[in-house]
Amino acid sequence: MKILLIGSNYTWSIERIYKQELETLGNEVELLDVQNQFYDYYYKSPFHKLFYRIGISGILSKINKGVLSQVSSKHYELIWVFKGMELFPDTLRVLKLKTKKLINYNPDNPFIFSGKGSGNSNVTEGILLYDLHLTYDEWVKEKIEREYNIQTELLPFGFDDAAISDEDLDALDEVNAVCFLGNPDKYRATIIQKLVDQQIEVHLYGNDWQKFVNHRCAIIHQPVYGQDFYKTLRKYRVQLNIMRAHNLNSHNMRSIEIPGAGGVMLAPKTADHLSFFELGEEIFIYEDTENLINETQRLLNQDKSALEQIRKSARAKVLKEFTYKVQTKRILSIVNGA
């Protein structure tokens, strides 16, 4: 199958993983990096940010012309757009003529924008132009099917099983502390503050945490990528997961990445967490701030050996049911069967 992916080509992007998995299955795949083009412009200077914000940059017009040029003399059996913030609706209309199937996968909520990178009018105005939507969230699935009458399928977040080996993960020394891996916002900072106020040591990996939390129990680190990312998920006694407004009752990427790396995940009680994992055997949950503090303290005081089976069971579950290999086969099955 000849496939065009439109999205991001950064080292950490899931598009790169899906491209690799699709090629492994014998497909011919191209990846058009529209997000890279946008960010290369946007972050080049403060003036570029200003020009974009006041609507005089022209960068999106340039990107869309490039997309149309890419497909002008080609025909793809499948065009797969990731999120779609950079694509005008008129461009999507042209893409529909260049493929048998135009599909969208949005790793955020297309109706609730929790930040400037989570969506824009191109996302919402483009919804009705796709042949198939893939979403991680049951509420989004039901809303698109009900209001747009477009086929929508659930696609949980995946795990890259080739990212790091069991040997590298098992060789790590445990750090008996809480870890949160992600950039700060006011809501996340409020939860972290509750923990450090109880003298619970929390290691924070992300940009600018010092602007949000100032406490001797808050240990701030720079973001980590590649194998260091998975090692960080694994080595701490408690790996905290915090949901944002667009996925409060579902799951996020960390919901799969933490157990996939053999981390001990303490996550909010959601329908997806209860459905995906066995509580107390693969993950742990909290229901409110008081419960979070109690569960954190309990896990920090537990014997290290008691959590080893949790780590093994969690990783085994993800490697069996949530890898990108599994998800890619599901997507092709949906596309071919639709």
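Contact here is heavy atoms within 4.5 Å. Axes are lines fitted to C-alpha atoms, for helices over the stretch in contact, and angles run from 0 to 180 degrees between N-to-C directions. Helices (H or I, at least four residues) and strands (E, at least two) are DSSP runs, numbered from the N terminus.

A word on the source. This is a predicted model, in which local features need pLDDT of at least 70 and side-chain atom pairs count only at pLDDT 80 or more, while totals for chains, interfaces and linings use all residues. Residues are numbered from 1 along each chain as its sequence is written, and side-chain values use heavy atoms, with hydrogens and water left out.

Two strands pair if DSSP finds at least two bridges between them. Strand S1, residues 2-6, and strand S3, residues 76-82, have 4 bridges in the parallel sense. Within that pair, Ile3 stands opposite Leu78 in S3.

Lys83, in the loop between S3 and H5, has a positive phi of about 65° although it is not a glycine. For background, most residues other than glycine have a negative phi. Is Lys83 buried or exposed? Lys83 counts as buried, because its relative accessibility is 13%. The classes are buried under 20% relative accessible area, exposed over 50%, and partly exposed in between, with a 1.4 Å probe and protein chains only.

Helix H5 covers residues 89-96 and contains Arg93. Arg93 is partly exposed, because its relative accessibility is 43%. Between Arg93 and Ile17 there are 27 Å in space, C-alpha to C-alpha, and the two are 76 residues apart in sequence.

Which order do its strands take? The order is S9-S8-S7-S10-S11-S12, again 6 strands in an open sheet with parallel pairing. S9 and strand S12 (284-286) are the edge strands, each pairing on one side only. Neighbouring strands here are turned by 30° against each other on average, direction ignored. Helix H13, residues 289-301, lies across S7, S10, strand S11 (265-268) and S12, at about 150° to S12.

Strand S7, residues 175-181, has 5 of its 7 residues buried, so it is largely enclosed by the rest of the structure. S7 pairs with strand S10 (residues 236-240) in the parallel sense over 3 bridges, and Val175 has Tyr236 as its bridge partner in S10. S7 also runs parallel to strand S8 (residues 202-205), joined by 4 bridges. There, Leu181 is partnered by Tyr205 in S8.

The loop between S8 and strand S9 (218-221) holds Asp208. Asp208 is another residue other than glycine with a positive phi, near 70°. Asp208 counts as partly exposed because its relative accessibility is 35%.

Last item: helix H3, residues 46-53, where Phe51 sits. Phe51 counts as partly exposed, because its relative accessibility is 31%.
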